[in-house]
Amino acid sequence: MTLRKTSSTPVPTKGVPAVAIDAVDVRFRTKKRDVTALSEVSLDVRMGEFVALVGPSGCGKSTLLKLVAGLLAPSAGEVRLQGERVRGPRHDIGYVFQRAALLEWRSARRNILLQAEMRRMPAEAARARADELIAMTGLQGFEDAYPHELSGGMQQRVALCRALLHEPPVLLMDEPFGALDALTREQMNVELHRIWRETGTTVLLVTHSIAEAVYLADRVVVMSPRPGTIREVIEVGLPAEREYGETMARPEFASATGRVRGLLGSAGEGG
Ligand SMILES: Nc1ncnc2c1ncn2[C@@H]1O[C@H](COP(=O)(O)OP(=O)(O)O)[C@@H](O)[C@H]1O
Ligand SMILES: [Mg+2]
């Protein structure tokens, strides 16, 4: 079956973007001040696409993910998930944060299965899916370990399994590897890339790492300082198959990272 883009199709899930963010503003009013977090943000994410969001602290990246998850309502504009307007918290997405937020008294496997319990998924199917994800993320042998017995990278794998248990069409990741050491982070990048290709999930990833964004994404969205707007969307143009070292050495990688760095105005920008 092929999915073709036809704007007039009456079937809502065919050809429509996985995520459509349409002219969204977000204003926060507190007693002390009004903050415009996002201004006129529009972005379509295709089904199965991997989009990375980068931008300075406070530019509204987390706010944007919360809008998609329905945890926050826009002040103007609208957000649609697979064609359906987001009007409240969505249960069909996966969410991974910088902190794995695992329950200390539950084993890795039971942390993953928490998702099934909350959603009242059939137990048998949930266990099978958990086993599949445990194998996919290389957690075999650690199913019965408690969070304090796991490294930071392994804890994030558990969080990723938990987020993918219900096979969400859209996975939101908010600086998921920000607390890991550089080497573990690279390994997680390689694994996330493989898992994304295997599952076909649409991913929206917030990251501060330009290399991570370019290595993983089809497109990198560069945001401006607050009020957050989209400065530019960069098509990475790397092949789908991305061996880590080989990818880093490619001219497309250098040109995309250079472009992002230039837009972010980092010191020592390469062009
Ligand atoms: N619930 C809230 N109430 C008031 N201001 C908020 C709230 N959430 C975020 N903000 C403000 O909105 C801006 C964007 O925040 P955020 O999306 O967390 O930025 P980022 O994730 O890009 O660092 C910041 O200035 C932040 O202080
Ligand atoms: Mg944030």
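Visitor: How many helices and strands are there in the protein?
Guide: The protein has eight helices and 10 strands, where helices (H or I, at least four residues) and strands (E, at least two) are DSSP runs numbered from the N terminus. This is a predicted model, in which local features need pLDDT of at least 70, side-chain atom pairs count only at pLDDT 80 or more, and totals for chains, interfaces and linings use all residues. Residues are numbered from 1 along each chain as its sequence is written, while chains are lettered from A and ligands numbered from 1 in the order in which they are written.

Visitor: What makes β2 an edge strand?
Guide: Two strands pair if DSSP finds at least two bridges between them. Strand β1 (residues 19–29) and β2 have eight bridges, in the antiparallel sense, so they pair by that definition. In the open sheet, with order β2-β1-β4-β5, β2 (34–45) pairs on one side only, as does the other edge strand, β5 (84–85).

Visitor: Which residues come nearest to ligand 1?
Guide: F28, A37, K61, S62 and T63 do, out of 13 around ligand 1; a residue is near a molecule if its C-beta atom, placed from the backbone, lies within 6 Å of it.

Visitor: Which element supplies the largest share of the shell around ligand 1?
Guide: That is α1, with three residues.
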